[in-house]
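Me: I'd like to know what stands behind each label used for this model. Please set the values against the definitions as we go.

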Amino acid sequence: MTAISLSTQRRLQQLPQIPSVWEGDRRHVDRLVEELELEDDEDRRELIVWVDGVEGVVRSMEVVNPTMGTEAIVRALIKAMEAPQAPSQPAKKQKIIVRDRQLQFHHINRPPSPP
């Protein structure tokens, strides 16, 4: 798994921290629009959502190809922090909860891997 760059880490460290718990998940979406018929598994998509459980708002929502790795959910988390959907303001969370335990090992403050 790719580490988060130092410049991204610095940007995130400058955000104010709020006493909030965010929940993130990635689920298959069978149909994005009622008229869209999905015939092949290749046409399937997954929805990544980050929700602020304290404020009760969706901070980030993104539809991705299922072949994209766990970096996609981390990227959506960074988007939830830096450019959240209205009415939320940019901020860091106090705690996150994810269903996929593999994501717990991708630390935001981890330095990049040596070359």
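Reply: Gladly! Helices (H or I, at least four residues) and strands (E, at least two) are DSSP runs, numbered from the N terminus. By that rule the protein has two helices and four strands, and from the N terminus on its elements run α-β-β-β-α-β. This is a predicted model, in which local features need pLDDT of at least 70 and side-chain atom pairs count only at pLDDT 80 or more, while totals for chains, interfaces and linings use all residues. Residues are numbered from 1 along each chain as its sequence is written, and side-chain values use heavy atoms, with hydrogens and water left out.

Me: What makes E2 and E3 a pair of strands, and how do they run?

Reply: Two strands pair if DSSP finds at least two bridges between them. Strand E2 (residues 45–52) and strand E3 (residues 57–64) are joined by seven bridges and run antiparallel, so they meet the rule of at least two. One of the bridge partners is Ser-60 in E3, which goes with Trp-50. The two strands form a hairpin with four residues between them, and Gly-56 in the turn has a positive phi of about 70°.

Me: How many bridges join E1 to E2, and how many join E1 to E4?

Reply: Strand E1 (residues 21–29) is joined to E2 by eight bridges, and these two run antiparallel. Val-29 has Arg-45 in E2 as its bridge partner, and Glu-23 has Val-51 in E2. Four bridges join E1 to E4, and here the strands run parallel; Val-21 stands opposite Lys-95 in E4. Both counts reach at least two bridges, so both count as pairs.

Me: Why is the pairing of the sheet called mixed?

Reply: In general, strands of a sheet pair through backbone hydrogen bonds, either parallel or antiparallel. Here E1 runs antiparallel to E2 and parallel to E4. The four strands form an open sheet in the order E3-E2-E1-E4, and its pairing is mixed. E3 and strand E4 (95–98) are the edge strands, since each pairs on one side only. From one strand to the next the twist averages 20°, with axes being lines fitted to C-alpha atoms (for helices over the stretch in contact) and angles running from 0 to 180 degrees between N-to-C directions.

Me: Which strands does H2 lie across?

Reply: Helix H2 (residues 71–82) lies across E1, E2, E3 and E4, running at about 145° to E3. Contact here means heavy atoms within 4.5 Å.

Me: Why is Gln-9 counted as buried?

Reply: Buried means under 20% relative accessible area, exposed over 50%, partly exposed in between (1.4 Å probe, protein chains only). Gln-9, found in helix H1 (residues 6–13), has 7% relative accessibility and therefore counts as buried. A polar atom of the side chain of Gln-9 lies 2.8 Å from the backbone oxygen of Ile-4. Met-81, in helix H2, is also buried, because its relative accessibility is 1%. Across the protein, buried residues make up 33% of the 115 residues.

Me: How do you know that the buried residues of H1 are on the same side?

Reply: Thr-8, Gln-9 and Leu-12 are buried in H1. They cover an arc of only 100° around the axis, which puts them on the same side of H1; the arc is that of the directions from the helix axis to the C-beta atoms. The buried residues of H1 pack against H2. In that packing, Thr-8, Arg-11 and Leu-12 in H1 meet Ile-78, Met-81 and Glu-82 in H2. The axes of H1 and H2 come within 10 Å and cross at roughly 35°.

Me: What makes Ser-20 buried, and what does its side chain make a polar contact with?

Reply: Ser-20 lies in the loop between H1 and E1 and counts as buried because its relative accessibility is 2%. The side chain of Ser-20 makes a polar contact with the side chain of Asp-52 at 2.5 Å. A polar contact is a pair of N or O atoms within 3.5 Å; within protein, one must be able to donate a hydrogen and the other to accept it, and residues adjacent in sequence count only if both atoms are side-chain atoms. Not counting residues up to four places away in sequence, Ser-20 touches Asp-52, Val-54, Lys-93, Gln-94 and Lys-95.
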